[in-house]
Amino acid sequence: MEGFLELLSEYNVLAAFWMTIRLTVVSAVGALLLGTLIAVMRISPVPVFRGIGAAYVTLVRNTPLTLIVTFCVLGLMYFLNIKLLPDSVSLKPQLFAWAVAALSVYHASFVAEGIRSGFNTVPPGQVEAARAVGMNFTQSLATVILPQALRGAITPLGNTMIALTKNTTVVSIVGVAEASYMMKNMIEFSPQFLFSIFFLMALGFVILTLPLGMFFSWAATRWVVAR
Amino acid sequence: MSNQASFLFDIPGPKAIRRHRIIGVVGTLLILALVAWLVWGLRSQLTPAKWMPFLDPGSWSNYLVPGILNTLQAAAISVVTASVLGLVLALGRMSSLRLLSIIATVLIEFFRAVPVLMMMLFVYFLTVFVPAIAAVVPAELKPLVGVVAGLTFYNAAVMAELLRSGINSLPRGQTEAGLALGLSMGQTRRAILIPQAITAMLPALVSQLVVILKDSALGYIINYPELLRQSQTLAARHANSIAAFIIAAILFILINWSLTTLANYLEKHMRTRQSGGMLDLSRMEADTDDTAPAR
């Protein structure tokens, strides 16, 4: 126990979880924006856009996140030296930017699927009424369809956000110093505390995901569209 | 989608069709420009020489095919172990013994909250660092054990919840009929409810296989020689990392896409075969937390 406390003073566990939280929040914003765009493309009146949206979801959903992350960082960033931020920015933020990009691209497909299930909760009468008062597609989308669809999609979107929180661990493969990366390091240097380290880190994720789950189930009932 | 799309906007007339065509062309050009920009950026990596190794049968027989087989092996073992453990956890959670039910609930919630990668690392290190376990597991099996264990715990928790919501969605008359026949609650569950829930779960099980298959790529971190790791080992010899990533992605997408198609077929087929009793997958995904957006 003594040694374990000493170990904790050597490793900044809170900083690692702070990185996990930052990855989650920034990627969540990216995934929500891109995912909404893809979902809207899938119901757009322009057939080509519907095709592109469907293709995106099919391709990305069937690719492992590990592959997307390693492709972005090992392939594009290290191998080809393609950077998302200006060259003057140091390595760590560059790595963070690519990690967020990979996580956003991957989870956008699940956000798009979630919002699509939200579209299905909007009764046809709502849209027909919007059209009957003379709204065009963009107007009915912005004022009638999307507000209701997003509220109907809270549960699947919440699930995606919880999965995203846990999936941030995948970017440890390319060396982003988040919780699982630190866990790997700690165990490799002090294997005698294998169990304590694992349960501490696992507890961190329970603490992160449990309230998130409770919040989204509360939000889903709080903001459900009364019909 | 097509019949839903029809009420979302007016049926386009000649003018709107023309406008949509113009927007479509502009949009396509934008996407093509993006793709062209990507290809231009990667041009040094997409030359014919970079693709040549994939025409060599040796690359396939020594690297890619063993990679695919290892990925499938890990996924196949995990889906079986996860189903068994999932059944046990579901039975435990529904048990009338309060203590057992609490333990199962805590385990399910724990397994669902811990990232698969962490569980994989933990079990892998367990087989490396704990002498009693390290002695039992042969060195070449350690990565496989880590991958299978990581996949098993998470997916067992998901399956337990699928099974539970499957049983809960069965008509109450099924339980009542069982009890009326003089079966105990446990007997009713085993003989009447669970078999129906499992049959109804089959499509969801195949979809879960896609999740497991994708997650097996996490074995990359503990050096399990799955498809992604093998493609990169191959790439290290030919300096064609990007081409290898693309080939690996195509293989993953093909495998997963066929499994998804199979799941959809099973769902449709079984819905027509048995009247009622089928689970509404979309509703089940809403009930159980993170089945939908898994890796």
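Which helix of chain A is A:Thr24 found in?

1. A:Thr24 is found in helix α2 (residues 13-42) of chain A. Helices here are DSSP runs of H or I with at least four residues, numbered from the N terminus. This is a predicted model, in which local features need pLDDT of at least 70, side-chain atom pairs count only at pLDDT 80 or more, and totals for chains, interfaces and linings use all residues. Residues are numbered from 1 along each chain as its sequence is written, chains are lettered from A and ligands numbered from 1 in the order in which they are written, and side-chain values use heavy atoms, with hydrogens and water left out.

2. A:Thr24 has a relative accessible area of 12% and is therefore buried (under 20%; over 50% is exposed and in between is partly exposed, with a 1.4 Å probe and protein chains only). A polar atom of its side chain lies 2.6 Å from the backbone oxygen of A:Thr20. Apart from neighbours within four places in sequence, A:Thr24 is in contact (heavy atoms within 4.5 Å) with A:Leu164, A:Thr165 and A:Thr168.

3. In chain A, the axes of helix α8 (residues 154-167) and helix α10 (residues 194-222) come within 9 Å and cross at roughly 170°. The two are therefore roughly antiparallel (over 145 degrees; under 35 is roughly parallel, 65 to 115 roughly perpendicular and the rest oblique). Axes are lines fitted to C-alpha atoms, for helices over the stretch in contact, and angles run from 0 to 180 degrees between N-to-C directions. On the α8(A) side, the contact residues include A:Ile154, A:Met161 and A:Thr165; on the α10(A) side they include A:Phe205, A:Leu212 and A:Phe216.

4. In chain B, the axes of helix α6 (residues 116-129) and helix α8 (residues 142-168) come within 8 Å and cross at roughly 140°. That angle makes α6(B) oblique to α8(B). Among the residues that meet are B:Val116, B:Met119 and B:Tyr124 in α6(B), and B:Pro143, B:Leu151 and B:Phe153 in α8(B).

5. Most residues other than glycine have a negative phi. A:Asn81, which is not a glycine, has a positive phi of about 60°. Its place is in the loop between α4 (65-79) and α5 (91-119) of chain A, and at 53% relative accessibility A:Asn81 counts as exposed. In chain B, B:Asn223 also has a positive phi of about 60° without being a glycine. B:Asn223 lies in the loop between α10 (185-215) and α11 (227-238) of chain B.

Note on methods:
Polar contact = N/O pair within 3.5 Å; in protein donor to acceptor, adjacent residues only side chain to side chain.
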